[in-house]
Structure formats: C-alpha cells, structure tokens
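I open a new page for this protein.

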Amino acid sequence: MFCRRCWIDFRAGEHPPVECSGPCGRRFHHRCVLVPGEVARVLRGQDSGGLEWYCHNCRQLYRLQLYFEVATDCTIRGISYL
Ligand SMILES: [Zn+2]
Ligand SMILES: [Zn+2]
C-alpha cells in the first residue's frame, strides 16, 4: 500500500495513513497531506466522531474546506464545511 502523494510505502509503527472519505478512497501519509497526527489517529480509530477527511481532489470536487482544530489535549474540537 503506497501513499498516493509521495508513492512511498506505509511503514509499520507510523501514524496510520489517512484515507480520503470521498469517492477516490486514496490513502496518504498524514504528513504528506498536512493532517496532524492526532487527527490521523482519530480518523482511523473506532470512534471517529463523524470526522471525515477529503483529499485535495475530492475537496475540489465537492468544494469542501475542512478545518481541523486540535486542542492541546489532542482532542478534536471542531470541523466545518464551507
Ligand atoms: Zn506520503
Ligand atoms: Zn479523495
């Protein structure tokens, strides 16, 4: 399984890859798509709290803008769609 941005394999022990919630379903290193590690972990966890992440292409497609607000205690405060 490769990151669709840098084409480098996902390695064990890293933060889990972030997967696009859009139709493409592509996976990326969270660093490659500027998603904080805490957010990546929540996205891949059992309880994502309805949090979704869309890749650049899908964002263009849906005209979505996502805002991650990560508090100091590593919980996600809010997410907004434009
Ligand atoms: Zn990558
Ligand atoms: Zn996508």
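**Confidence.** Strand β3 (residues 69-70) has the lowest confidence, with a mean of 42, while β2 has the highest, at 92. The scale is pLDDT, the predictor's confidence in each residue, from 0 to 100. Below 50 I find residues 67-82. That stretch still has 25 contacts in the model beyond near neighbours in sequence. For the protein, I note a mean pLDDT of 73, with 71% of residues at 70 or more.

**Ground rules.** This is a predicted model, so I keep to its limits: local features need pLDDT of at least 70, side-chain atom pairs count only at pLDDT 80 or more, and totals for chains, interfaces and linings use all residues. Residues are numbered from 1 along each chain as its sequence is written, and chains are lettered from A and ligands numbered from 1 in the order in which they are written.

**Fold.** I read 2 helices and 4 strands in the protein. Both kinds of element are DSSP runs, numbered from the N terminus: helices are H or I with at least four residues, strands are E with at least two. Along the sequence the pattern is β-β-α-α-β-β.

I then checked contacts, that is, pairs whose C-beta atoms, placed from the backbone, lie within 7 Å. Taking contacts between residues at least 6 apart in sequence, 46% join residues at least 24 apart.

How many of the 82 residues count as buried? The share is 18%. My cut-offs: buried means 20 or more other C-beta atoms within 10 Å of the residue's own, exposed means 12 or fewer, and partly exposed is in between, with C-beta atoms placed from the backbone.

Next I listed the largest nonpolar core. A nonpolar core is a set of buried Ala, Val, Leu, Ile, Met, Phe, Trp, Tyr and Cys residues joined through C-beta atoms within 7 Å. This one has 12 residues, among them Val18, Cys20, Phe28, Trp53, Tyr54 and Cys55. Helix α1 (residues 37-44) gives the most to this core, with 4 residues.

**Helix α1.** Which residues of α1 are buried? I get Val39, Ala40, Val42 and Leu43. These buried residues line one face of the helix, because they fall within an arc of 165° seen down the axis of α1. The arc is taken over the directions from the helix axis to the C-beta atoms. A reminder to myself: an α-helix has 3.6 residues a turn, so residues three or four places apart point the same way.

**His29.** I place His29 in the loop between β2 (27-28) and α1. His29 counts as buried because 22 C-beta neighbours lie inside 10 Å. Leaving aside neighbours within four places in sequence, I find His29 in contact with Cys3, Cys6 and Pro17.

**Positive phi.** Trp7 has phi near 65°, positive in a residue other than glycine. Trp7 is in the segment before β1 (18-19), and counts as exposed because it has 8 C-beta neighbours inside 10 Å. Leu34 also went on my list: its phi is near 60°, again positive in a residue other than glycine. Leu34 sits in the loop between β2 and α1. With 8 other C-beta atoms within 10 Å, Leu34 is exposed.

Technical notes:
Contact = placed C-beta atoms within 7 Å.
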